[in-house]
Amino acid sequence: MHIARQAVCCALLGTFVISNPQCGAYRAGHAQLAHAYLSDGLYDQALTETRRAIRQDGPDDRLLLIAALARLGLDEVDAALELIGQAVALAPDNDDLYRALRDICEKEERFAQTEKLLAQLRADHGKSASLWATEGWLHARQERPDAAVEALRQATQLDEHHLFAHIELGRLLIAEGRFAEAEVSLVEAVRIQPDDRQLVLTLGDCQLRQGLAERADRTFDQALTAGVVSAVDIARIYYERERADRAIEYYERALAGAPDDPLILNNLAWTYAEEGLRLSYALNLSMRAVKLDAESPVYLDTYAELLHLLGRHAHAVAIMRQALALEPTDGEHRAYLEGQMAKFHRALATRL
């Protein structure tokens with residue numbers, strides 16, 4: 001438990017930096033010590049140093065965050081939330097605090113306490129976009145989508161550049177099947193952070209799900225040119241949306257840049273196999289993938305499937321036997337591979 005708590009606290013601390021030069025060297029020393037103790041999992045010592053710093057110059061949001069994470073490390077979750085609330089009251093627009101609050105809420109399942117805390121804070125800080133965004137996030141986690149959308153929209157109205165609010169709103173609207181509305185939020189999110197790979201892919205996918213193929217093409221091509229996404233990323237999106245022609249196009253582009261990548265070779269071969277196109281060429285691609293990674297049941301399955309499609313059922317059975325030997329009895333692909341073997345056996349029996 002101690003190791004797990006230490007990992008959680010360090011993750012929540014993230015890129016948090018102890019830096020408050022106007023408070024003097026004495027305070028900086030206590031704050032830095034508290035930070036170091038927290039990172040080492042010495043939570044009591046971290047609390048002692050934060051108390052000393054606070055006694056010297058009074059509380060601030062950074063010290064209260066350290067104290068909150070130390071309390072969390074001591075398994076005093078409710079006390080940690082209370083300290084986060086005090087920190088937010090001092091710095092209602094500090095996104096680090098809300099990030100920590102959300103993480104504690106989700107990991108420790110403190111939804112009711114967090115909701116109460118946010119309601120109290122909203123009375124004094126109702127103009128904080130970060131507070132409304134976290135409230136929207138909390139509604140979404142409790143499966144209240146309408147309330148979540150309303151709170152997240154309030155956050156974006158208060159701060160049109162609030163990245164988290166736009167991302168969370170886009171994610172929620174996609175889950176609700178409201179793709180056109182989601183696209184609006186995602187476009188703004190990408191405008192704010194154009195180098196975010198996942199954001200760009202989500203936007204392009206959202207456009208595809210609306211049937212806006214040309215718009216999605218532009219989104220993907222611009223991101224590919226800028227080096228934000230890879231051709232493989234785009235190929236996967238097109239494959240998921242059953243646009244095999246475009247998936248093949250982008251897998252071919254990816255292969256041109258990485259001719260010895262077994263994943264690209266395999267995925268391209270499989271897409272050709274599913275479409276019944278260029279089977280001999282696809283078999284060659286699959287053979288290359290297997291030679292590069294002969295212990296992948298997935299790659300062996302692609303090879304066997306292509307042999308089957310080309311009428312070489314006995315060879316397909318032999319390859320599938322190798323795949324099954326490599327897949328654990330409780331492996332995620334086991335049932336599928338066994339189904340493939342049965343299919344190949346039926347084809348072989350029919351041939352005989």
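R278 lies over the face of Y281, at 4.0 Å from the ring centre. This is a predicted model.

**R122 and E135**

R122 also has a polar partner. Its side chain makes a polar contact with the side chain of E135, at 3.0 Å. E135 sits in helix 8, residues 129–141. The relative accessible area of E135 is 10%. Buried means under 20%, so E135 counts as buried. Beyond its neighbours within four places in sequence, E135 is in contact with L118, R122 and A151.

**Aromatic pairs**

A search of the whole structure finds three aromatic pairs. Such a pair is described by the distance of the ring centres and the angle of the planes. Two of the pairs are set out here.

| Pair | Centre distance | Plane angle | Arrangement |
|---|---|---|---|
| F220 and Y238 | 5.5 Å | 70° | edge-to-face |
| Y238 and Y250 | 5.8 Å | 15° | stacked |

Y238 in helix 14 and Y250 in helix 15 (residues 244–257) are 12 residues apart, and their pair links distant parts of the chain.

F220, Y238 and Y250 form one aromatic cluster. Are its members buried or exposed? F220 and Y238 are both buried. Y238 has 0% relative accessibility. Y250 is buried too, with a relative accessible area of 0%.

**Helix 4**

Helix 4 covers residues 61–73. Does its length agree or disagree with expectation? At 1.5 Å a residue, its 13 residues should span 18 Å; the end C-alpha atoms are 18 Å apart, so the two agree.

The helix is mostly covered, with 11 of its 13 residues buried. Among the buried residues are D61, L63, L64, L65 and I66. Others on that list include A67, A68, L72 and G73.

What caps the N-terminal end of helix 4? D60 does: one of its side-chain oxygens lies 3.2 Å from the backbone nitrogen of R62. After helix 4 comes D75, whose phi is positive, near 70°.

Note on methods
Residues numbered from 1 in each chain as written. Predicted model: local features only at pLDDT ≥ 70, side-chain atom pairs only at ≥ 80, totals over all residues. Heavy atoms only, no water. Phe/Tyr/Trp six-rings, centres within 6.5 Å; stacked < 30°, edge-to-face > 60°. Buried < 20%, exposed > 50% of the residue type's maximum accessible area, 1.4 Å probe, protein only. Helix = DSSP H or I, 4+ residues; strand = E, 2+ residues; numbered from the N terminus. Lys NZ or Arg CZ within 6 Å of the ring centre and 35° of its normal. Polar contact = N/O pair within 3.5 Å; in protein donor to acceptor, adjacent residues only side chain to side chain. Contact = heavy atoms within 4.5 Å. Expected span 1.5 Å × (residues − 1).
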